[in-house]
Amino acid sequence: MTFSEIEKLYDGLLQTCRSLNPLRQIHSSLVTWGLTVQSPHLSAQIIIKYSKLGDIKSARSLFDNIHGHRSFMWNTMLRAYANGSHSSETLQLYSLMRKTGIVPNNYAYPFALKACASHSSSLHLVKAIHGDAIRTGFDSDRFFEAALLDTYAKCGQIEDARILFDKMTTRDLVCWTAMITAYDHAEQPQESLLLFLEMLRKEGLFIDPVATVSLASAVGQLGDGKRARSIHSQAIRRGFIFEHTFVANSIIGVYAKCGKVDKARLVFEGMKVRDIISWNSMLSAYTQNGQATESLLLFHQMQTSKYEPNSVTVLTMVSTCAYLGSRHLARRIHDFVIHNKITIDATLLNALIDMYAKCGALDTAVEIFNKIQPPDRSVCTWNALIGGYGMHGRGTEALQLFQYMQEEESIKPNHITFTSILSACSHSGLINEGKQCFKDMKKLSIKPDMKHYACMVDMLGRTGLLTEAYNLIKEMPLEPNDEVWGALLLACRIHGNTKLGEIAATRLFQLKPEHSGYYVLMSNIYAASSKWKEVRRLREGMKSKGLTKVAALSMVELGEEVHGFHTADWSNLYSLEAQRKAESMMVEMRMVGYVPDRSCVLHDVEDEDKDHILNYHSEKLAVAFGIMKISPKLDIRVTKNLRICNDCHSAFKYVSYIYNRRIIVRDANRFHHFENGSCSCSDYW
């Protein structure tokens, strides 16, 4: 046989090789016949095969024995390292290549750049490779430019990427997609969409599946439902949504971010082939949009499918349980994780701490935190527990933890830490401490964002320092958003400041004209001041806009069941029974000094009617049901979707004393623990 025939024979054998043992036999045979040195082509094939089969050490061993000064072999080894995600080894080999005197070419550069894109702190290496390409004359090579653009983008160097992009003489769809994706990843969705329109206008190019995903992500950041439908339509017309599961997944994601959950579900149901990401995306869509019950139902459906929940699935369900505030569901999902041997990494541990805290089991959250070894506690771990203490009104403990993490554990707080600690100070009335924490942000070079200012406005406002809160808003270096103005409006409702409330409401109606809650809050301020004409004006305005008030809903846990009650609700099986119990509770409370707070009734009716309305508030019905049905040895746990009213708050202190019961209420803002006639919030909320 001639050398050419032998090379062809071994080439065929290598093409069909699927495992390491046959590959090693072929390699051994080639070494015996001296063909690894004589045939660079076969040697390169073996190196690539070794890397694909996961034996990168054997690939490098062969390379070290034969490479010489042939750039072809160096490029092959660079390719093996880069495609196998061995970024450090790729860059080390590239450095060795230069030191050895082998001049890199247009095949070597893309592999080195690929390694830079996935290697931390590699920007200086990107610049060095760019310089090498300029010196060797390959900087205008189309493949090099595309690779460099992609690398700059992935390293977050948007300006460098755009300068290169604008200088490129030839830009194909890959280059356009890389730049569009770069803007998306840099959270500049508007730039991403503008560039897409420029691509259509200047080049006449059509988007491919990868570009579709990037555009969907950008539209999701903007929350633009109209554009989401446009992206969806294009994906249908070009067949991407049917041929590529990852495209359909991205459409589910964009609809979820735009609040169009029903459309996301239609996409999900229409998929011919789903993967685990499809299920996780749909579960996340429900959870993100407050449809926790639907998320639970889909999770049960998923368990009967061929796809087993993974760590991402569990994280979503932990978030669902945290949203619902159900302790028994929290335990069930935790048991599911343990039973199915799902890896509990740091992210999941932090999520479990947050979940238990939000489900009213703060002691369990603390227990999980304490079991984590100090070196394994990240700033996220500390944030979860600080936030937990804050929402339970234990601001002093939150501050102690905040100080301990810095002084004893040398953990530097981040922007989320400060959101949690400022919120904790706000819920506990720790004004001076909160102000000091806000000042400390500058010392740690953390620039306050909207959430921090919203916390400060909330903190000052709850204490009655409304003018100071308003002045802080006026001094903000950022344009205040609805969170900031909403905090001020709530403070005006608490303290009955109509004038400042009108200022906040006017801004909110401009920022969020479709948010019914702000209209209701301002209407309540007017009602508390008996300005019924203004109340009617706002309510008529809501009606003309098609806005409706969110109905109060209170849920109470009975074993593994959850019972929900609306105000003056007759739909629940136990409604009549709960209402009768609530009436008898009112009689017993009056006997020990309870006086109804009629200012909580925001209707122009007689006092007797106001008392009647107060009796049937949703949280009172839930607690009455708990008194009747839940063992005296157990806590009564209620979750309400809105802020608890002053009258119910006062009433539950009496109920806890009369019936000797511990009542835990989670409202829209925080937890209240009622026991022996008092509340953990010390009447500050």
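Strand 1 and strand 3 (residues 636-640) pair in the antiparallel sense over three bridges, where pairing requires at least two DSSP bridges between two strands, and helices (H or I, at least four residues) and strands (E, at least two) are DSSP runs numbered from the N terminus. The model is predicted, so that local features need pLDDT of at least 70 and side-chain atom pairs count only at pLDDT 80 or more, whereas totals for chains, interfaces and linings use all residues. Residues are numbered from 1 along each chain as its sequence is written, and side-chain values use heavy atoms, with hydrogens and water left out. Within strand 3, Val638 is the bridge partner of Val556. Strand 1 (residues 553-558) also pairs with strand 2 (residues 561-566), in the antiparallel sense and over six bridges, and Leu553 has His566 of strand 2 as its bridge partner. Two residues lie between the strands of this hairpin, in which Gly559 adopts a positive phi near 65°.

Helix 4 (residues 40-52) comprises 13 residues and reaches 18 Å from its first C-alpha to its last, close to the 18 Å expected at 1.5 Å a residue, the expected span being 1.5 Å times one less than the number of residues. Its buried residues (under 20% relative accessible area, 1.4 Å probe, protein chains only) include Leu42, Ile46, Ile47 and Tyr50. The buried residues of helix 4 pack against helix 1 (3-16), helix 2 (20-32), helix 3 (35-38), helix 5 (56-66) and helix 6 (71-83), with contact meaning heavy atoms within 4.5 Å. Gly54, which follows helix 4, has a positive phi near 85°.

Notes: Buried means under 20% relative accessible area, exposed over 50%, partly exposed in between (1.4 Å probe, protein chains only).
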